[in-house]
Each structure stands twice: as structure tokens, then as C-alpha cells.
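We take a sheet, its helices and a few single residues in turn.

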Amino acid sequence: MPRYTERADRLTLPVIPLHDAVAFPSIPFDFESNDTSAIAACDAASSGDSRVLLVYITDDSGQSPKPEALARVGTVARIRQSAKDNDSESVRIICECRDRASVLNYSVNDPKPGGLITADVITKEIRLTDAGGIRGEAYCREINETLDRMVGYLQGTPAAPLKLAAKTINDPSLLTDFVAASVLVKTEDKQRILEKYPPLERAALLIKIMNSEIAMLEVERGIRDRTAEQLAKNQRDYFLREQMKVIEDELGEGSDPDDYSDRIAKAKIPEELREKLNRENDRLLRTPYGSAEATVSRIWIEEVLDLPWNRRTRDRVDVAAAEKILNDDHDGLEKVKQRILEYLAVKQLNPALKNQIICLVGPPGTGKTSIAGSIAKAMKRRFVRVSLGGIHDEADIRGHRKTYVASMPGRVIEAIRRAGSCNPLILFDEIDKLTSDLRGDPASAMLEVLDPEQNKSFRDHFIEYPFDLSECFFITTANTTEGIPKPLLDRMEVIELDGYTRTEKLAIAKHHLIPKQLKRHGLTRRAMKLTDDAVYEIIDCYTSEAGVRNLERNIASLCRKTAKQLLESGAPDEKKVVIDRKDIEKYLGGRKLLPEKIGTEDLVGVVNGLAYTGAGGDLLKVEAAVLDGTGKLELTGSLGDVMKESAKAALTYVRKIAAEYGIPGDFYKTRDIHIHVPEGAVPKDGPSAGVTMVTALVSALSGLPVRHDLAMTGEVTITGRVMAIGGLRDKTMAAYAAGVKTVLIPAENVMNLDEVVPEVKANIEFIPCRSASDVLREALVKRLPQIQAEPVKPAETPQVAIPPEIPPVTQIWR
């Protein structure tokens, strides 16, 4: 084991703070400082024994430090020479460093900033006897070897003199301090070496820090070498390219990889644009190859030349062939199909027809996106889909200015480029999901795209030249028109897609969903058969949607379970699985939904209403109860503001007609009325429950039961007029599914009966009502002796006679 000798003295010395520097014992140290506290310490030392304490500032703010910002270990040194510079108010000091010293406490002799700081210190010296013996020699060798590796990475450091000086030092303590002062980069690492008193521990710490620095320097050198290599390659390419130009010019075969002259000359583009391209090409040829300006010019020229300025496809105008394609690809969606066939028919008569802009609005999963692809196929046009959901930057539509780094055209021009023709079918999906922020409003940018009068000269910010979009066939999709700005909605022809009926869902499942999932899961029609009753069971009890997405998910689940069952049987090619209604529960679990059904008996205060939701129509029961009280009206069931106002209007009308039904005239003072709509967790709103609430109130107040096989819908005014509603098709589908036999509708909605599914019209009796008294006369079981309204037979629905005093429909809402 190495042996040590120790020496310790206690002193009080003036302090010289060191900015970003550390002094080591036995290592000459000179520095310049304009710190007033350093100048004061130098003056104090000159008047004494010239000894000072050199201390590193751990928290250097650039000003005269405070004692708490000074390190707790420093170096005792004797000032050999000092010289003041009056011009710069600084002092140059040359010191002879002696010993390490631990600071007991600091004292500020002058409270002013930059005043003299003194320190009570204990100087401590630990020396190795015989230079540490074998261990000391081993540490010296390791330090020298590590130094040899490290100086190879240091730039600006004289390697040979440094290594030679280090090899002449045999004392590990002195060698450690010398190397730390010479090569360590971080001042914090130097301070760590200074604070370590035992020589061999200090040497080990130095070796560890140097190895860490070597690893860092290796990474830095790799980065520097790669950067220099890339720069050299760019320069080499540039010189070679310039030499090639000169040689080819001498041979008369000059060409330039950046010369787009031939492409520009051959392109079928407007002459004005050709001149602009030639000017940009000339500028590109004069610009250095690797410059940012050359890259921008090159990208702009290529993007412009890649656009199909005059390339177009020829439309299929065979209406019969197009109809067959649409019917093969989709069941239902008759409105959309009819509109496309009408367009193709007109196209035969007027081949120059342009500016077709259609907006398909409907619940999720009703085939809005997929029908667009089928339309493109039927018309023999190229199809491009552009998703607009979540876009909040106008530049996504119009593009970025080409002066910006990495600028590109907007999504519209990019779609045209991908299509490769100037007359594609472009689908703008989820146009109601556009948002806006401080970078602009993309919905406003879409006004030019979808305006027939403006899109013939659409100007993208990147292309900077008008492009004709009038030949494009635009289709947009949305779940609702509420999120579409009115000016934008006004530019589109809106076609509303209603939810599919049970029969349509069955047809879609048989013709599209089941074959698709069988193929996806590696099954054949022979291996798995799904009966119609099983599909109806899934539709009624496992899905509640206007579209067919959940239906497809459940069919996929059946396919997965069938595939597993076939493999477990050991003979997947021989066995056949038939899934019927009774088997669905085994595969998909218990029923997720209970079909809404009407009651079996007539009840007082309970009325079947009809509502429209995002998943289609729904049977909505309204309950009313009358209690002794003070005339309070209680409304429950998560009702919205419009529905609450309908309840108040209904109550006002009931007060008006109370005497006709034997209701006490002061019931609104002596009775509390509670109106409740079940399924309270589901928010409900809208005015179409007005007649339902009137009927429930009259039934509850008069004690007359309401027909259980009858449902109704309609808005009511305080005068009793029944106003038109929307969503009649979906509401009547829900009534038919629930077992309703009679539906009361506003007389103003008779014109909408042609939208009702034929199957529903054949099984439900529709009775038009123009006043609430008509509704009560049909709904209450014990009718008053009044003139009966003539019911509308299902077969006679289109010929319903409406009294002439009924005002025309001005607006239909849901």
C-alpha cells in the first residue's frame, strides 16, 4: 500500500475570484481580471506577504461575485508580478501556486459590490512517499496513455510538447494536476480534480473524466468528418459538372441536367405559362446547383410540368351501362344513383356540361365515400379522395408560397397531379369537419374551389398560375350540414342519404358484406352460410345504426369464430357451418339491444311519439302524470330547450281546450303536472313532440286512455295548429318496426309520403292532421262526438285530399 505524509496550516487570505478558470498547485498560473474584488485582493496581498486564495466562481453571473457563489476549495498562491492597465481598469497577475486549501468561511470587508473578500482556510497537503510505488507508477502510465489518445482529438493544442512534459513527471499527484490543467475542457471537471485531496483517488478520477471526454470527442469528430465529407462531395460535384459543361460546349454537345427547355417546349400548356417557365429555367441555369434557390426553382418547374393542363379522360355516357355498375356496387342510395344517371343523360345532349358539385349528407356508414368511387367507375373518370377532416390551415387548400422552405402545392392541385387528368372525380371527404385558427379559414378557401363561376381560374399559391377546375366532378361528404358555413353550403347541391331499411341492410349484407368478409377470412360460401333470419337478428338486436359498419363488424366476428371452429374440427375442407337466428347468441353473446315495441293495452297519460336520431328513427314514449299540488310543471328525461318550450306550448293549449274534455278549468293552479320521456341518459330535443305532449296531458287530466297501436309526430302551436316536421321516412320505419298500426302526421307532410318505404306504406295507416283536435280525436280511445277524419288508406297515400285552407309548407325541419 502507498504511504502518505500530511501537512495542514490555518490562514486568513484575500480572495481572488476566477471566472471560468481553476488554478492547480505547482502549476504556473497567470491571468487578467477587471473584477474590482480581484484588484482589491491584489492590493491587500501586496501590502502583506503576497499570498492570496484563487477560487473558482461556481455561479458566474459576469459581475463581482458574492461569497455564496464561490467554491469551497481553492489554491493558495503567491503573487510574483502584477501590472495594472489604467485604460481598461484591469490587472495582469502572475502567480506561483502552492497548496490546496479548504475554505472554512468567507468574510466581506467592504459591503459595497466588488469589495475585498477574505477567507479563513486550512491548507492541506498529502504527499506520496516514493511516488506511490508500483501503484503510483501504474497510474502515471495510464494517465500518459489516455493523454496520448486524447490529444489526437484536441485542435489547437501542441501535442508533442505536452506529451513530452507529461512523461517527465513521475509523481502521480503533480502529473494529475498538470494534465487536468492542460487538457480538460470543462471548468467543472477541473474543480472536481482540485477538490480531490488523495493523490491516487485524484488520478483515478482524472482517468475517468478523460475517457468520458474521449468518447464525446470521438462523436464530435465523426460529425465533423461527415460534414466535411459532404461539403467536399458537393464541391467536387460542382467542379466536375462545370468541367463537363465546358467540354460538352467545346464538342458542341452541351447539355445540362437542370435544363428543362425540351420539356417546356413539348408541354401542352398556355403560352403565358410557357414564357414564365422559360424565365424560371434561365434563372435556374444561372444558379449554383446546390443552392436553396436552385432547389426551389427545380421543384416549381417540375410540379408545373407534371400537372395535366390539357390531359383528360373521355366520359362514359352509356346510361344503361353506368346504371348496371352503380347497382352492382351498391344497394339503395337511389337518390344519388338517379342524380348521376341524369347527369350522364344530359352529357349526351350537351358534351360541354361542366361544374357538377354534389354534397352527400347522411349518418356514418351509409356509403357516402364508397359510392363516390363507384360513380367514378361508372363515368370512367379517375378518382381522387381528399380528406378534409381536421384541416385548419388555409395553405392546405391553396398551397404555400414558393419562397418558403419545403413549400408545396395545396391539396386540390396535388389531387389533380395524382389523378393525371384535368377532369377527375374529386371526393372532398368530411367537409363538415373543417376548422379554422390564426393561420386562416380553409372553408373560405374552399369557396373558390366549389364555386362554378370562380373555379375555372383557381390560383394555387405555389403554382402561381390559374388552373381550370370547371371540368372536375366534385363530390363532398358530410354527416350534417350544421358544420358547413352557409356560403359554402349554398354552392353545393345537397343530397340527403337516409338510413338503410332492414330489407336494404339484408341485401347489402348478402351481396357485399358477407362475400367481402368470407374472402378476407379465407372462407368459402360452402364453408359458412348465414341465413336471412340470422342477419335480421344481428340487425335488430346487435346493431343500432343508420349505416352498416357495425353489421359488418359482427359478420367479421362470425367469420373469425367459424374459421376457428373449422380448424378445431380437424377437417376444415369437409365441414360446413350454417348459422341461423338461434345460433347468433352462441357466437356473439347475449342480445345487446332489445327492439322497441308498443304496449299491449291502452294506458292513460302514455303516448307513442316518433323521433329522429343520428342512427335513424326511434319510437319515443311520452308519459304524463297529474298530482295534487300548486300548479308546478316538472319536465324530466334530459330534454333540450326546444322540447321544454314545446311542453309549455302544449300546456297552454290544453288550458284553452280544458272544458271540451271535462278538465277542471283551474287545474293549472291545483294540480302539479309531471312530463317524463324515458331513457333519461339520452339527450332529447326538437319541436316534433308537441302533439305527443298535448295528447299525454289531455289523457292524464281527463282520464281517457290513448290507443297503444298508434304513434304520432308533429309540432304544435299554442293555437293548436299542427306544423310540418322532418325525417318522416326514418320515423315511419321505426313505427313499423315497433308494431304500430296507425301514424298521425301533420297534413303539411302529406307531400312527403312518397319518400316512405313502400313496405311501410303497405302496413301502416297514415292519418293527416291539421290541428291538435284532430290528433286527440284519433288518439283517445273514448272519442267525443265530433266529425271523424277520413283515414288515408295505404294504397291511396299519394292521393290524400287536403282541405284547401291548409297553408302550404314553407320549411321542414327535424
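Seven strands build an open sheet, in the order β18-β19-β17-β16-β20-β23-β24, with mixed pairing. Two strands pair if DSSP finds at least two bridges between them. Strands are DSSP runs of E with at least two residues, helices are runs of H or I with at least four, and both are numbered from the N terminus. At the edges sit β18 (633–636) and β24 (765–769), each pairing on one side only. From one strand to the next, the twist averages 30°.

This is a predicted model: local features need pLDDT of at least 70, side-chain atom pairs need 80 or more, and totals for chains, interfaces and linings use all residues. Residues are numbered from 1 along each chain as its sequence is written, and side-chain values use heavy atoms, without hydrogens and water.

Look inside the sheet. Strands β16 (606–613) and β17 (616–628) are antiparallel and share 8 bridges. Y612 has G617 of β17 as its bridge partner.

Axes are lines fitted to C-alpha atoms, for helices over the stretch in contact, and angles run from 0 to 180 degrees between N-to-C directions. Helix α26 (772–779) lies across β20 (710–712), β23 and β24, at about 165° to β20.

Finally, find D666, in the loop between α21 (641–657) and α22 (667–670). D666 is 35 residues from G631 in sequence, and their C-alpha atoms are 9.0 Å apart.

Terms used:
Contact = heavy atoms within 4.5 Å.
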